[in-house]
Amino acid sequence: MTRSALTTPPPGAAPPEPLPGGPAPGSPLGPHYSHCFGCGPKQPTGLNLTASTPDGVTVTAEFVVGGVHQGAPGLAHGGVLATAMDEVIGMSIWLLRRPYVTGRLETDYLRPVSVGTTLHLRAWCTGVSGRKAYLEAEGRIGAPDGPVAVRAAALFIEVGMEHFAEHGDADAFLAEHHDYEVNP
Ligand SMILES: CCCCCCCC/C=C\CCCCCCCC(=O)SCCNC(=O)CCNC(=O)[C@H](O)C(C)(C)COP(=O)(O)OP(=O)(O)OC[C@H]1O[C@@H](n2cnc3c(N)ncnc32)[C@H](O)[C@@H]1OP(=O)(O)O
């Protein structure tokens, strides 16, 4: 991954251990919002990712690339693949147990991804420093150990829950409010 200094954890920023009360290894990680373009089950034109954590510190998900995700004929759009990276990384909020938003997302495209491919996604945190969480992700073709098609590195910034109520749809927020101090 050719990550920049902005997405590289500073010295001393250790990756998190599984947090007490966090999702147990093997647990599914629910959507953070039902209409989310990445993970919302009520978003028919979205990616409909369903995620889980094998170990309490890593997120895994599968993304089936469909016709609605094309850029070039028969090939996934790069922006859609970046969305998949953003989403699988964003699912780490369940493991960090705090609300974060994407500050910076860097993506490497290594192989074209055909429509019909199942991309096996994986994300992990490389360090937390104050409000900043440094995360990486990859998407592999066809199998968890298949060829890597996409890699990403990201800087996520912790925000207060008021970020979503102030800048987004406060009613929708209240209807689906998540308390990050409890299990998802
Ligand atoms: C409606 C119902 C909802 C129900 C559920 C609610 C709970 C949901 C919970 C969780 C959802 C998770 C969703 C996952 C989905 C995938 C993730 C996304 O796509 S998120 C959307 C895209 N991202 C944004 O829209 C951010 C827009 N940007 C901002 O709002 C601000 O810029 C923000 C919050 C990121 C930072 O603003 P500041 O004013 O709070 O803080 P400052 O001082 O600017 O930054 C803090 C530190 O971070 C660095 N920083 C910030 N942005 C950076 C950047 N782009 N590159 C490098 N450094 C950056 C700064 O240099 C600063 O560093 P120094 O403390 O000085 O060392």
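Analyst: Helices (H or I, at least four residues) and strands (E, at least two) are DSSP runs, numbered from the N terminus. Residues are numbered from 1 along each chain as its sequence is written. The model is predicted: local features need pLDDT of at least 70 and side-chain atom pairs count only at pLDDT 80 or more, while totals for chains, interfaces and linings use all residues.

On pLDDT, the predictor's confidence in each residue from 0 to 100, the chain has a mean of 92, and 95% of its residues reach 70 or more. The ipTM given for the complex is 0.93, and the pTM is 0.94. Where pLDDT is low, the predicted coordinates should not be read in detail.

An unreviewed UniProt entry lists residues 74-140 as "domain: Thioesterase". UniProt positions follow the numbering used here, feature names are shortened, and annotations may be inferred rather than shown by experiment. The span 74-140 is 25% helix and 46% strand, and its end C-alpha atoms lie 18 Å apart.

Now the ligand. Its shell holds 24 residues, and the closest are Gly90, Val101, Gly103, Arg104 and Ile157; a residue is near a molecule or strand if its C-beta atom, placed from the backbone, lies within 6 Å of it. By type, the shell divides into 11 nonpolar, 6 polar and 7 charged residues. Here Ala, Val, Leu, Ile, Met, Phe, Trp, Tyr, Cys and Pro count as nonpolar, Asp, Glu, Lys and Arg as charged, and the others, Gly among them, as polar.

Four elements each supply at least two shell residues: helix H1, strand E4 (100-109), strand E7 (148-158) and helix H4 (170-175). E4 gives the most, with 4 residues.

H1 covers residues 78-90. The expected span of a helix is 1.5 Å times one less than its number of residues, so the 13 residues of H1 should span 18 Å, which agrees with the 18 Å between its end C-alpha atoms. Buried residues of H1 include Leu81, Met85, Val88, Ile89 and Gly90. A residue is buried if 20 or more other C-beta atoms lie within 10 Å of its own, exposed if 12 or fewer, and partly exposed in between, with C-beta atoms placed from the backbone.

The two shell strands E4 and E7 pair with each other, antiparallel, over 9 bridges; strands pair if DSSP finds at least two bridges between them. Asp108 has Arg151 of E7 as its bridge partner. E7 also runs antiparallel to E6 (residues 132-141), again joined by 9 bridges, and Leu155 in E7 stands opposite Tyr134. E6 and E7 make a hairpin with 6 residues between them, and Gly142 in the turn has a positive phi of about 85°.

Moving to the loops, Gly130 sits between strand E5 (118-129) and E6. Gly130 is exposed because it has 9 other C-beta atoms within 10 Å.

Most residues other than glycine have a negative phi. Arg97, in the loop between helix H2 (93-96) and E4, has a positive phi of about 60° although it is not a glycine. Arg97 counts as partly exposed because it has 19 C-beta neighbours inside 10 Å. Asn48, found in the loop between strand E1 (28-29) and strand E2 (51-52), also has a positive phi, of about 55°. Asn48 has 18 other C-beta atoms within 10 Å and is therefore partly exposed.
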